[in-house]
Amino acid sequence: MRFIVLLKADKNTEAGVLPDEKLLTEMGKYNEELVKAGVLLAAEGLQPSSKGARVRFSGKKRTVIDGPFIETKELIAGFWMIQVKSKEEAIEWVKRCPNPLEGEAEIEIRQVFEAADFGEAFTPELREAEESMGRQMAANAKRQS
Amino acid sequence: MSVSDTHRAIDAVWRIESARLIAGLARIVRDVGVAEDLAHDALVAALEQWPESGVPDNPGAWLMATAKHRAIDVLRRKERLERKHEELGRQLEARHEMAVPDLDAAIDDHVGDDLLRLVFISCHPVLSTEARVALTLRLLGGLTTEEIARAFLVPEPTVAQRIVRAKRTLSEARVPFEVPRGEELAARLSSVLEVIYLVFNEGYSATAGDDWMRPALCEDALRLGRILAELVPKEPEVHGLVALMEIQASRSAARIGPSGEPIRLFDQNRALWDQLLIHRGLAALERAEKLSGALGPYALQAAIAACHARALTPEETDWARIAALYDALAELAPSPVVELNRAVAVAMAFGPAAGLELVDTLMSEPSLEGYHLLPTVRGDLLARLGRFGEARAEFERAAALTRNSRERELLLERARACAGGPPLSDAQ
């Protein structure tokens, strides 16, 4: 099963302050350990929300809001995608991560849905819709190439 | 934390630490069976103590320290025994006394080397294939005997027996705990790759009603492959195998229909292919290609899988490249099944007549006798050439050979369509 491991933002990550060399080295070592254990699928750090945007939906209306966003604690500063046997294993790996920020930091662990989890909800109609989406994507790609 | 929470946490720690623990201990006691027993004793101690004391901050170090104490006891006992039995007491004594203080250093150094030794010994040629698989999953994958039994649909005592016998065989054959060198390395490595791919295929062949432990074998195999790729990063075939498994696994959501029926590659909804795994597979293939001029059998199969993965629609498939890759594969690992695949690729790239020519050379192949895909492919090519009478006979033959009832229906349908003239829907 897969988990996405979310690092919450803080003042510094939102200010675009990069981690110091010591933390970078430690983090590099940690990520290497995840790779060596065969559990890391992907990992990325995110730029501050000032460089991002939000699209707000209201019925059929869409409103674009440019960053930065103020509720720092709810923002994401980076993520890992790991493949492990249980939530407990994911927790165990996250506990081994060096403290990613100065002082307080929070990392959230969320399980990723797999196709099988949708079960009955994944009806033939939905499948049909997805298939036509696939055809559309392919057609777009063809036009671009 | 409740007792059951603690037990789940211990399971997780075990999953992460057990291989390293056993590998480190095996180097000291020079016996995989004894090493596993020691590691297991440490696990039992954790199960007894952690629910009371809480999970320690560094659970891996705790397990290692506990196991090390027991290892020292074992070595001392062995030493006493040897002193009693052998006349050369003094010499041995000197050697063992040196060994004990070095334990810490011995365990902490070269974790990677230890793991690699454990990989090679678990897949050692003195063991049967079944034993290699069981031992690898148990010692490196951290699976329990029960999990292995459920995954392979065999009774638990059978797996337990296999593991006990395997450890005894290794011990009796005095198989050294070391990484093979020189010419031996290639042969031993291919035995390791074979075991990992076998585990993967066992998981990949699981069907809808199966215990979830079966499909989980794909993840176990991928994890083992990814670990091995970091242990021997210069071996192109390891990356080739990882690439092959990542790309095959990328299709798992698309390859089984709602009622559990298999869906052929060309009929799969490609939007369901996992792009992250495809990306990882292509990256692993690139690593293999950078390391060697000529690709090995796994890398070639991965390169073929990559051709499909890159095609957004079946029509975009680069069949000429696939045919060329099958040519290379047929040179390296000749087999009638590879030839049949090559024939299909050639037919797709250069027309049904060229494909049929190759298929016809396989008709007298004894190992394909009874293999339903041969008449299926031949029937398909004949139909595309407008030779419907012959095509019909081939589809009927294929229908009689397949064991899958759904497939039989499909084949009989195609046979009927041939009888009625050009088929309506199966122009590929």
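## Two chains, question by question

Student: What is the handedness of the crossing where helix 12 of chain B passes helix 13 of chain B?

Tutor: Good place to start, and keep in mind that this is a predicted model. Looking at how helix 12 of chain B passes helix 13 of chain B, the crossing is left-handed.

Student: Are helix 12 and helix 13 of chain B roughly parallel or roughly antiparallel?

Tutor: The axes of helix 12 (residues 236–249) and helix 13 (residues 275–291) of chain B come within 8 Å and cross at roughly 160 degrees. Angles over 145 degrees count as roughly antiparallel. Therefore helix 12 of chain B is, relative to helix 13 of chain B, roughly antiparallel.

Student: Which residues of helix 13 of chain B does helix 12 of chain B meet?

Tutor: From helix 12 of chain B, the residues taking part include Pro236(B), His239(B), Gly240(B), Ala243(B) and Ile247(B). On the helix 13 side of chain B, the residues they meet are Leu277(B), Ile278(B), Arg280(B), Gly281(B), Ala284(B), Leu285(B), Arg287(B), Ala288(B) and Leu291(B).

Student: How many residues of helix 7 of chain B are buried?

Tutor: Helix 7 of chain B covers residues 129–139 and is mostly covered. Among the buried residues are Ala131(B), Arg132(B), Val133(B) and Leu139(B). Out of 11 residues in helix 7 of chain B, the number buried is 9.

Student: Is Arg174(B) buried or exposed?

Tutor: Arg174(B) sits in the loop between helix 9 (156–172) and helix 10 (183–204) of chain B. Its phi is positive, about 50 degrees, although Arg174(B) is not a glycine. A residue with 12 or fewer C-beta neighbours counts as exposed. Because Arg174(B) has 8 C-beta neighbours inside 10 Å, Arg174(B) is exposed.

Student: And where is Arg30(B), and why does Arg30(B) count as partly exposed?

Tutor: Arg30(B) has a positive phi of about 60 degrees, although it is not a glycine. Its place is in the loop between helix 1 (3–29) and helix 2 (32–53) of chain B. Arg30(B) is partly exposed because the count of other C-beta atoms within 10 Å is 15.

Student: Which strands stand at the edges of the open sheet in chain A?

Tutor: The sheet has 4 strands in the order 2-5-1-6, with antiparallel pairing. An edge strand has a single partner strand, so one side of it is left without a neighbour in the sheet; in chain A these are strand 2 (40–45) and strand 6.

Student: Which residue does Ala42(A) stand opposite?

Tutor: Strand 2 of chain A is joined to strand 5 of chain A by 5 bridges, and the two run antiparallel. In strand 5 of chain A, the residue opposite Ala42(A) is Met81(A).

Student: At what angle does helix 3 of chain A run to strand 6 of chain A?

Tutor: Helix 3 of chain A lies across strand 1 (2–8), strand 5 and strand 6 of chain A. Its angle to strand 6 of chain A is about 155 degrees.

Student: How far apart in space are Arg96(A) and Glu33(A)?

Tutor: Arg96(A) is in the loop between helix 3 (87–95) and strand 6 (107–111) of chain A. In sequence, Arg96(A) and Glu33(A) are 63 residues apart. In space, C-alpha to C-alpha, the distance is 9.9 Å.

Terms used:
Residues numbered from 1 in each chain as written. Chains lettered and ligands numbered in written order. Predicted model: local features only at pLDDT ≥ 70, side-chain atom pairs only at ≥ 80, totals over all residues. Buried ≥ 20, exposed ≤ 12 C-beta atoms within 10 Å, placed from the backbone. Pairing = 2+ DSSP bridges. Contact = placed C-beta atoms within 7 Å. Axes fitted to C-alpha atoms, helices over the stretch in contact; angles between N-to-C directions. Parallel < 35°, antiparallel > 145°, perpendicular 65-115°, else oblique. Left-handed = near helix turned anticlockwise from the far one by under 90°.
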